[in-house]
Amino acid sequence: SNSAEPIYIVESPNAHAESALRQIKGVKSLRSESTADGWQRFRLSAVSRDDLRPLIAKALSDAGIMVRELHRVMPSLEEVFIRLTSAVPTEKKGAA
């Protein structure tokens with residue numbers, strides 16, 4: 001599948017993290033949202049399966065940006081989960 005690239009989740013209190021993250025080689029797209037406690041959660045998609053965590057950590061560290069969360073989500077697991085949750089059996093239809 002063409003979504004075999006990992007997703008990275010980064011949480012930072014600093015909105016400037018976005019520009020640092022966008023400059024990382026290998027980042028394809030970036031979305032951000034605010035968390036309930038006012039931090040920014042960034043969701044990065046990558047162009048390849050290479051592990052970008054060291055590059056992400058270094059870019060944020062070099063920019064003096066604090067991070068409380070940095071993890072990688074492998075899409076194979078995400079896809080398996082989506083398949084499992086969408087494959088709800090429907091044979092019970094019409095049972096008395």
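User: Which strands do the 6 bridges join, and how do they run?

Analyst: Strands are DSSP runs of E, at least two residues long, numbered from the N terminus, and two of them pair if DSSP finds at least two bridges between them. Here, 6 bridges join strand 1 (residues 7-12) to strand 3 (residues 40-46), and the two run antiparallel. Val10 stands opposite Phe42 in strand 3. Keep in mind that this is a predicted model, where local features need pLDDT of at least 70, side-chain atom pairs count only at pLDDT 80 or more, and totals for chains, interfaces and linings use all residues. Residues are numbered from 1 along each chain as its sequence is written, and side-chain values use heavy atoms, with hydrogens and water left out.

User: In what order do the 4 strands sit in the sheet?

Analyst: The order is 2-3-1-4, in an open sheet with antiparallel pairing. Strand 2 (27-34) and strand 4 (69-73) each have a single partner strand, so one side of each is left without a neighbour in the sheet.

User: Is Asp37 buried, partly exposed or exposed?

Analyst: Buried means under 20% relative accessible area, exposed over 50%, and partly exposed in between (1.4 Å probe, protein chains only). Asp37 has 48%, so Asp37 is partly exposed. You'll find Asp37 in the loop between strand 2 and strand 3.

User: Which side chains does Asp37 join by a polar contact?

Analyst: A polar contact is a pair of N or O atoms within 3.5 Å; within protein, one must be able to donate a hydrogen and the other to accept it, and residues adjacent in sequence count only if both atoms are side-chain atoms. The Asp37 side chain has such a contact with Thr35 at 2.5 Å and another with Arg68 at 2.9 Å.
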